[in-house]
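Let's walk through this model together, one region at a time. Keep the viewer open and follow along as we go.

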Amino acid sequence: MGGQSATICHVRRKAGNQILRFLVSAAVIASITGAYFKLLHVNPTTVGFTFLLAILVVSALWGLRYAIFMAFLATLAYNYYFLPPLFHFMIADPQNWIALLAFLCTAVIASQLSERARREALQSNRRRREVERLYAFSEQLLLSENVFELVNAIPKYIVESFGVSGAAMYLDKKQENYYFDSASQNAFPPEKLRAISGRGEPVLDREHGFCFMPLRMGVRSVGSLGLSGCELSRETLEAIGSLAATAIERASTVEKLTKTEAARESDRLRSVLLDSVTHEFRTPLTAIKASAETLLSNVELEQAQRSDLLTVINEESDRLNRLIGEAAEVAQLDSHQLQLHMEAHPISEAIDAAVNQVRSAVQNHALETSLPEDLPKVRMDGERIAEVLVHLLDNAAKYSPPGTPIRITAETRNGEVVTSVADRGPGIDDIEQEMIFEKFYRGRSQRVAIQGTGMGLAIARAIVELHGGKIGVTSQLGRGSVFYFSLPVA
């Protein structure tokens with residue numbers, strides 16, 4: 001009902017504009033006649049050319065019907081006021097008959113030519129605008145690769161791009177209808193949209209401003225479109241249908257490929273994780289097994305030896321526990337199930353907690369901390385950020401020669417607190433500086449000499465990014481590395 005009311009108002013407004021233009025055309029002829037007959041008193045030739053000029057202007061602006069109306073009205077005025085005998089609709093001199101007919105024919109022919117030029121110019125401008133709108137519409141369709149979002153947004157995109165008052169879409173595959181608004185839902189009944197899709201041919205109701213087009217993929221119809229307040233050309237409507245159908249098919253294909261690739265990547269990561277963890281489990285399990293067998297044997301051991309074996313069991317058990325924790329955390333991060341408890345804390349709290357956890361790992365290094373007193377608080381999960389620092393400090397101790405210092409610093413930069421851990425290790429090649437943050441990747445020169453799973457830096461990056469920060473490294477071969485991460489100020 002809303003669409004029909006808008007159409008009726010549009011028809012009435014159009015009829016009112018036409019009547020007004022006819023009145024203006026008559027007023028122009030009356031004005032020229034009055035000015036020349038009462039004020040200027042020029043010869044009939046000047047009057048005829050003035051009438052002709054006015055008719056051409058109106059034809060160029062409004063079209064042929066108004067120009068022909070003016071031509072006949074001007075012919076009558078020309079005969080009555082300017083050709084003898086005056087004030088009679090008759091002509092005494094035969095030459096004036098020729099002049100009058102020539103004026104009428106010239107006015108009509110010139111009006112037709114002017115109307116043709118105007119119509120072609122309007123069509124050219126309309127096609128240009130429609131091409132521009134099609135380009136903008138196609139750009140909008142490319143923004144979304146999610147099918148659900150795309151099919152719900154297409155009616156809105158059509159209304160925004162082409163200036164129609166309403167839009168609706170039906171898809172055969174989903175057996176669903178999608179509308180721009182509630183008025184569109186009332187204007188386009190589902191059975192009508194289904195009928196257009198099944199028929200595969202457009203229905204254009206120009207009188208009421210309704211257009212129905214099938215969504216075509218080649219010769220196959222996959223749905224239909226309904227537009228209200230539509231004055232678009234058939235070619236543009238067909239292009240809209242084809243673009244929408246192609247975009248939906250493309251998004252469906254991309255979504256399927258993404259899911260397939262995600263499943264394949266998940267299987268690959270699961271396999272890599274299993275291989276990596278299995279390999280790392282062997283060393284502590286072997287040490288625990290050997291120590292336990294020795295303790296269970298009949299071999300007499302001194303108290304110091306027994307303590308050493310028990311220490312090995314304890315440390316390797318902790319290592320196993322850490323490996324299992326890292327594997328579980330990687331799984332949580334991959335499934336986006338990691339919960340953060342965000343509060344405003346000074347970064348020094350996380351640094352102190354991390355230093356306490358890695359004290360045994362860095363016992364062969366001088367640990368230096370340099371923090372400004374005026375550091376602002378950051379919004380963070382203190383436990384998780386401490387975990388990030390534990391990974392960085394553990395790596396610094398693991399890859400640096402004994403006796404070399406490890407330095408922790410923090411500073412405020414562009415509304416963020418940047419925390420750095422610097423070591424004097426062998427450095428990281430430029431090519432590998434980005435790769436070392438990938439899951440299970442380990443440096444080529446260190447992967448055999450030093451034990452590890454390659455999960456630590458990947459976990460650290462994921463945690464920092466969940467906080468809205470960034471992590472990176474600056475390194476030179478033979479001179480050490482500086483790992484840093486940023487967190488927004490609270």
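Contact here means heavy atoms within 4.5 Å.

A word on where the numbers come from. This is a predicted model, in which local features need pLDDT of at least 70 and side-chain atom pairs count only at pLDDT 80 or more, while totals for chains, interfaces and linings use all residues. Residues are numbered from 1 along each chain as its sequence is written, and side-chain values use heavy atoms, with hydrogens and water left out.

Back to Phe37, which lies in helix α1; helices (H or I, at least four residues) and strands (E, at least two) are DSSP runs, numbered from the N terminus. Between Phe37 and Phe82 there are 45 residues in sequence, yet their C-alpha atoms are 7.7 Å apart in space. How many aromatic pairs does a search of the whole structure find? The search gives 9, where rings of Phe, Tyr and Trp (its six-membered ring) pair if their centres lie within 6.5 Å, and planes under 30 degrees apart count as stacked, over 60 as edge-to-face and the rest as tilted. One of these joins Phe37 and Tyr81 edge-to-face, at 5.3 Å centre to centre and 65 degrees between the planes. Because Phe37 belongs to helix α1 (residues 2-40) and Tyr81 to helix α3 (residues 64-82), the pair ties together parts that are 44 residues apart in sequence. Ring pairs also link Phe37, Tyr80, Tyr81 and Phe82 into a cluster. Phe37 is partly exposed, with a relative accessible area of 25%, and Tyr81 is partly exposed at 30%; buried means under 20% relative accessible area, exposed over 50%, and partly exposed in between (1.4 Å probe, protein chains only).

Another edge-to-face pair, Phe188 with Phe210, has 5.8 Å centre to centre and 80 degrees between the planes. Phe188 sits in the loop between α6 (182-187) and α7, and Phe210 in strand β4, so this pair ties together parts 22 residues apart in sequence. Both Phe188 and Phe210 are buried.

Strand β4 leads us to an open sheet of 5 strands, ordered β2-β1-β5-β4-β3 with antiparallel pairing; two strands pair if DSSP finds at least two bridges between them. At the edges are β2 (176-179) and β3 (203-205), each pairing on one side only. Neighbouring strands are turned by 20 degrees against each other on average, direction ignored; axes are lines fitted to C-alpha atoms, for helices over the stretch in contact, and angles run from 0 to 180 degrees between N-to-C directions. Strands β3 and β4 (residues 210-217) run antiparallel and are joined by 3 bridges, with Val203 opposite Phe212. Helix α7 (residues 190-199) packs on the sheet, touching β1, β2, β3, β4 and β5, and its direction makes about 135 degrees with that of β5. The charged end of Lys192 sits over the ring of Phe212, 5.1 Å from its centre (NZ of Lys or CZ of Arg within 6 Å of the ring centre and within 35 degrees of the ring normal).

Finally, visit helix α11. Of its 18 residues, 13 are buried, so α11 is largely enclosed by the rest of the structure.
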